[in-house]
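I opened this notebook to keep track of what I looked up, entry by entry.

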Amino acid sequence: MCDKIPARCRLMMLGILALSLSASGCQPDDSPFKTENEVLRRQVAKQESLLNSLQDSNRVMQQQIDLLNQELRDSKEAATRLNEELDERLANAKRMLTQNLRIDDKGAQFETLARPLGIVAKEVEEALSRNGYQLKVGTQTDQKAVYVTTRKVSNPTSLEVAGFRNQYLVSLQAFPGDVTKLGVKAEFEKLAQGGRILNVSAEETAEIELRLINEINTALASPGKR
């Protein structure tokens, strides 16, 4: 039958068939792209949410850091003020102690030295230290200085001999013209066997006091002392 159809008719039928297929043919399926786009959109939304959360956390953390830094600055300022206040109170207490402390100078030995109080005070401290005396009280102002040593038993080479127990009380008073009055009192005792305390004479105590005064004088007279 097909052989009986003219060639022209066949061409027309093929054209009609092609047009029909073209009109009713399948459109490209874009559903995979939509799915992928949706997945990407959700990922972007999730990342944006995470980024916003991180930014919020950073802001909160920065606020906490700023607050801690401010508290630290406040604490440092408060500590500085407290230290300054304590230093001032300590200085005032030392001044009051020096002004109000009175040494019983009855029986003490005195000498006036042509040296400023500061230089004499330094020599007193060094002389006591050289001979093994530790200070129980040691305070100084522009006009006065007071030293009280602990009591000790020793055998130093310059001030005492074996079996002596002693405690020094030293006072310094500044006078015009760089003059200092030195007062030395010894609480001097002799020890016998068994720790028994022997009586000592005023002359023996005076000798112990003069030994310290002489050592201070010797140090002040050495070259370089002014």
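Predicted model: local features only at pLDDT ≥ 70, side-chain atom pairs only at ≥ 80, totals over all residues.

Residues are numbered from 1 along each chain as its sequence is written, and side-chain values use heavy atoms, with hydrogens and water left out.

**Entry: Val120**

I looked up Val120 and found it in helix 3. Is Val120 buried or exposed? Val120 has 0% relative accessibility and therefore counts as buried, where buried means under 20% relative accessible area, exposed over 50% and partly exposed in between, with a 1.4 Å probe and protein chains only. With neighbours within four places in sequence set aside, Val120 is in contact with Leu113, Arg115, Leu172, Thr180 and Leu220, contact being heavy atoms within 4.5 Å. I also noted the C-alpha to C-alpha distance from Val120 to Ala174, which is 9.9 Å across 54 residues of sequence.

I then traced an open sheet of five strands, whose order is 1-7-6-3-2 with antiparallel pairing; two strands pair if DSSP finds at least two bridges between them. Its edge strands are strand 1 (109-113) and strand 2, each of which pairs on one side only. Neighbouring strands of this sheet are turned by 10° against each other on average, direction ignored, with axes taken as lines fitted to C-alpha atoms, for helices over the stretch in contact, and angles running from 0 to 180 degrees between N-to-C directions.

Strand 1 and strand 7 are antiparallel over five bridges, and Leu113 stands opposite Thr180 in strand 7. I checked helix 3 next: it packs on the sheet and touches strand 1, strand 2, strand 3, strand 6 and strand 7, with its direction at about 165° to that of strand 6.

How enclosed is strand 3, and why? Five of the six residues of strand 3 (residues 144-149) are buried, so this strand is largely enclosed by the rest of the structure. Strand 3 pairs with strand 2 in the antiparallel sense over five bridges, the two forming a hairpin with three residues between them, and Gln140 stands opposite Ala145 in strand 3. Strand 3 also pairs with strand 6, again antiparallel over five bridges, and here Tyr147 stands opposite Val170 in strand 6.

**Entry: aromatic rings**

For rings of Phe, Tyr and Trp (its six-membered ring), I took a pair to need centres within 6.5 Å, with planes under 30 degrees apart counted as stacked, over 60 as edge-to-face and the rest as tilted. The count by this rule is two aromatic pairs. Tyr133 and Tyr168 form an edge-to-face pair, at 5.1 Å centre to centre and 65° between the planes. Tyr133 lies in the loop between helix 3 (117-130) and strand 2 (135-140) and Tyr168 in strand 6 (residues 168-175), so the pair ties together parts 35 residues apart in sequence. Tyr133 is buried at a relative accessible area of 5%, and Tyr168 is buried at 0%.

The rings of Phe164 and Phe188 have centres 4.5 Å apart and planes at 75°, so I logged this pair as edge-to-face.

How values were computed: Helix = DSSP H or I, 4+ residues; strand = E, 2+ residues; numbered from the N terminus.
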